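Let's learn to read a structure together, one feature at a time. Have a look first, then we'll talk.

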Amino acid sequence: FLVILVYLVPAAWIMVAAQVKRWHDMNLTGWMVALNFTIIALPVLLIVMGCVCGTRGPNRYGGDPRKTVVPA
């Protein structure tokens with residue numbers, strides 16, 4: 001049980017962080033992740049997060065991640 005718990009805690013943290021970044025990419029609040037706990041909305045959320053393009057150009061959460069240049 002302890003081995004599984006050591007794996008699941010970081011995995012859950014990474015999964016939630018990635019989903020918050022995706023919601024921010026669509027110019028929506030990261031609190032939309034809380035909808036994952038509703039069984040009715042979960043399939044719709046997965047489709048939306050996987051198929052809907054993000055906001056073009058900068059939004060209130062930052063620039064377009066596809067066009068952001070990271071200096072070397």
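**Contacts, core and helix**

Q: Which residues is Leu45 in contact with, leaving aside its neighbours within four places in sequence?
A: Contact means heavy atoms within 4.5 Å. Here Leu45 touches Trp23, Leu35 and Asn36, with those sequence neighbours left out. This is a predicted model, where local features need pLDDT of at least 70, side-chain atom pairs count only at pLDDT 80 or more, and totals for chains, interfaces and linings use all residues. Residues are numbered from 1 along each chain as its sequence is written, and side-chain values use heavy atoms, leaving out hydrogens and water.

Q: Which residues make up the largest nonpolar core?
A: In soluble globular proteins, nonpolar side chains tend to be buried together. A nonpolar core is a set of buried Ala, Val, Leu, Ile, Met, Phe, Trp, Tyr and Cys residues joined through side-chain atoms within 4.5 Å; buried means under 20% relative accessible area, exposed over 50%, partly exposed in between (1.4 Å probe, protein chains only). In this model the largest one has five residues: Trp23, Met26, Val33, Leu45 and Met49.

Q: Which residues are buried in H1?
A: Helices are DSSP runs (H or I, at least four residues), numbered from the N terminus. In H1 the buried ones are Gln19, Arg22, Trp23 and Asp25, and helix H2 (42-51) is part of what covers them.

Q: Where is the salt bridge?
A: Look for a side-chain nitrogen of Lys or Arg within 4 Å of a carboxyl oxygen of Asp or Glu. The structure has one, joining Asp25 and Arg22 at 2.9 Å, N to O. Both sit in helix H1 (residues 2-25), three residues apart, about one turn of the helix.

Technical notes
Helices (H or I, at least four residues) and strands (E, at least two) are DSSP runs, numbered from the N terminus.
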